[in-house]
Amino acid sequence: MRNEMLKSALVLALLAAGAVSALAAGSEDEFKAAYAAAETANKEAGKLRNQWTTTAATLAAAKKSADAGDFDKATASAKEAEALAKASIFQATSEKTRWKEMEIR
């Protein structure tokens with residue numbers, strides 16, 4: 001039951017981030033702000049030793065899109081990477097104590 005709730009929360013967070021990123025306008029300044037926020041969240045996940053590989057791939061995609069001048073796509077990817085990093089932070093903090101609740105029967 002708790003795993004189902006955790007999965008639901010993660011899915012909702014990712015969907016919400018996707019909806020927000022779809023509405024994002026694409027200026028270079030907006031990309032830089034979104035990318036910085038994603039990097040910060042990813043570093044925090046790293047401190048918790050729970051960085052997801054998908055976050056790194058999405059950050060790389062954002063950087064590649066920005067280098068190509070497609071700031072709409074770059075901003076969307078950066079916001080998606082931030083959502084992934086925040087989801088990994090949520091996972092790390094929620095599972096920090098949940099493992100104690102598991103009981104082998």
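**Aromatic ring pairs in close-up**

View 1. The model shown here is a predicted one. Phe31 is buried, at a relative accessible area of 6%, and Tyr35 is buried as well, at 17%.

**View 2. Phe31 reaches across to Phe71 as a tilted pair.** Here the ring centres are 6.1 Å apart, with an angle of 50° between the planes. This pair connects distant parts of the chain, since Phe31 sits in helix α2 and Phe71 in helix α4 (residues 71-101), 40 residues apart. Phe71 has a relative accessibility of 18%, so this residue counts as buried, the cut-off being under 20%.

**View 3. Two aromatic pairs are counted in this model.** How are the planes of Phe31 and Tyr35 arranged? Their ring centres lie 5.4 Å apart and their planes meet at 45°, so this pair is tilted. An angle under 30 degrees would have counted as stacked and one over 60 as edge-to-face.

**View 4. Phe31, Tyr35 and Phe71 come together as a cluster.** What links the three residues? Ring pairs do: Phe31 pairs with Tyr35, and Phe31 also pairs with Phe71.

Note on methods: Residues are numbered from 1 along each chain as its sequence is written. This is a predicted model: local features need pLDDT of at least 70, side-chain atom pairs count only at pLDDT 80 or more; totals for chains, interfaces and linings use all residues. Side-chain values use heavy atoms; hydrogens and water are left out. Rings of Phe, Tyr and Trp (its six-membered ring) pair if their centres lie within 6.5 Å; planes under 30 degrees apart count as stacked, over 60 as edge-to-face and the rest as tilted. Buried means under 20% relative accessible area, exposed over 50%, partly exposed in between (1.4 Å probe, protein chains only). Helices (H or I, at least four residues) and strands (E, at least two) are DSSP runs, numbered from the N terminus.
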